[in-house]
Amino acid sequence: MNSVAMSYTARIFTTFNNFPARPRFTPPSRGLSVARPWPTFRSPRIVCMAVRLADPDVVSNPTEYQKLAQSVAELDEVVSTFRRFKDCEKQLEEAKALSEEEGSDGEMAEMIASEINSLSGQQKELEEKLKVLLLPSDPFDARNIMLEVRAGTGGDEAGLWAGDLVRMYQKYSERNSWKSTLISCSEAEKGGFKTCVIEVKGNRVYSKLKYESGVHRVQRVPQTETQGRVHTSTATVAIMPEADEVEVEIDPKDIELTTARSGGAGGQNVNKVETAVDLFHKPTGIRIFCTEERTQLQNKNRALQLLRAKLYEIKVREQQELIRNQRKSQVGTGARAEKIRTYNYKDNRVTDHRLKMNFELTSFLEGDIENAVQACAALEQRELLEELAESVAATAG
């Protein structure tokens, strides 16, 4: 681990202390392009963080090291984009200065004008990218999550629909090389789930799946329907950032813990020994029944892990409500009472009501939801930029 840390730190210093030369625009008739070195630019914060990455105390703490490395990577992108923006700005100034000089023939003037148009477009793109990069990032974006799918209205069909949603998110996790693990579930009589909780671990899981929180409505002819009528059913999805134990304090006095036999597959151990855990949190009324593990201790740890995530979700909602209680956006926390999507089987269509966009149902249920996720992220970024513009205008006024 020490050698990896030192190698990573060395790359950071190389990146920020030895910037490569960048070629400037020079018309062919005036000679060859000459590489002009970019002025040395050092970010004190990044250099400081790079030094910390080599600190033995940080290296020996995988969690702290991962967080610090992630922060350095995010700052690296901001600095790199800013350098490209300034470089483009300088080249644009030089091209405009050349266009104002007298004596340029028609071919040269045309070439310079084309270069100005190209550089102007690049500068605009980089400026928009910088605006997005400099927006306040969600502090939970890099976290793993607990994903809870719960059958809503619609009886047995709602349970079947909840099962379809669980499979959709499992397939999406596979596409992103994330690891999904079943934590707790309550199966419905006709198939599917009454409630299902899965843990998803991977690279920036919450940053993508946070937009899935809300009510998912389906319109189709259920397997339980004998007369071919279309039914409308719902299931709710809750996305809870994984909580560190230090962030949520759980008083043992607030917990009632009982055990029971799990039953089902698993041999004599689960059928004769009380391995299942029923955990009740008295202050909030949250009850968690965990049976998936083979031992009582493992089920207890799983139940406490899920309780911490649920309490953390409550805390996050309170914070976001306090900060953004005036915001009308439907993207973000995703209150359970709001309908975010309708899945129409007859028309093979998925309608996202926040985006006012349609997607193909078949591929969507196979886990191909990346376009919808990216569209939600873009919508949130636009709204944040609008809020920022309004705030600046109000301050200036």
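Student: Is E89 buried, partly exposed or exposed, and at what relative accessibility?

Tutor: In this predicted model, E89 counts as partly exposed because its relative accessibility is 23%, and the limit for a buried residue is under 20%.

Student: With which residue does E89 form a salt bridge?

Tutor: The partner of E89 is K86, and the closest N and O atoms of the two are 2.9 Å apart. K86 is likewise partly exposed, its relative accessible area being 30%.

Student: Where do E89 and K86 lie relative to one another?

Tutor: The general idea comes from helix geometry. An α-helix has 3.6 residues a turn, so residues three or four places apart point the same way. In the present case both E89 and K86 belong to helix 4 (residues 62-100), with a separation of three residues, about one turn of the helix.

Student: How many salt bridges does the model contain?

Tutor: The count comes to 18 salt bridges. Another of them pairs K210 with E380, with 3.8 Å between the closest N and O atoms.

Student: Which parts of the chain does the pair of K210 and E380 tie together?

Tutor: K210 is located in the loop between helix 7 (205-209) and strand 6 (214-220), whereas E380 is in helix 11 (residues 370-396), so the pair ties together parts 170 residues apart in sequence. As to accessibility, K210 counts as buried at 5%, and E380 is buried with a relative accessible area of 13%.

Student: Which residues are joined with K210 and E380 into one network?

Tutor: Salt bridges with shared partners connect D141, R204, K210 and E380 as one network.

Student: What is the separation of the closest N and O atoms in the salt bridge of D352 with R341?

Tutor: Those atoms are 3.0 Å apart. D352 belongs to strand 12 (residues 349-352) and R341 to strand 11 (residues 339-344); the two residues are 11 apart, and the pair links distant parts of the chain. D352 is buried, with a relative accessible area of 0%, and R341 is buried with a value of 0%.

Student: How many residues of helix 6 are buried?

Tutor: Helix 6 is mostly covered, with 14 of its 20 residues buried. After helix 6 comes S177, with a positive phi near 60°.

Student: Which residues is S233 in contact with, leaving aside its neighbours within four places in sequence?

Tutor: S233, which is in strand 7 (residues 231-241), is in contact with T153, G154, E157, A158, H216, R217 and V218. S233 and G154 are 79 residues apart in sequence, yet 4.5 Å apart in space from C-alpha to C-alpha. At 1% relative accessibility, S233 counts as buried.

Student: What is the mean pLDDT of the chain?

Tutor: The mean is 77, and 75% of the residues reach 70 or more. Over residues 1-42 the pLDDT is below 50, although this stretch has 78 contacts in the model beyond near neighbours in sequence. Residues 264-271 also have pLDDT below 50, with 13 contacts in the model beyond near neighbours in sequence.

Definitions and conventions. Residues are numbered from 1 along each chain as its sequence is written. This is a predicted model: local features need pLDDT of at least 70, side-chain atom pairs count only at pLDDT 80 or more; totals for chains, interfaces and linings use all residues. Side-chain values use heavy atoms; hydrogens and water are left out. A salt bridge is a side-chain nitrogen of Lys or Arg within 4 Å of a carboxyl oxygen of Asp or Glu. Helices (H or I, at least four residues) and strands (E, at least two) are DSSP runs, numbered from the N terminus. Buried means under 20% relative accessible area, exposed over 50%, partly exposed in between (1.4 Å probe, protein chains only). Contact means heavy atoms within 4.5 Å. pLDDT is the predictor's confidence in each residue, from 0 to 100.
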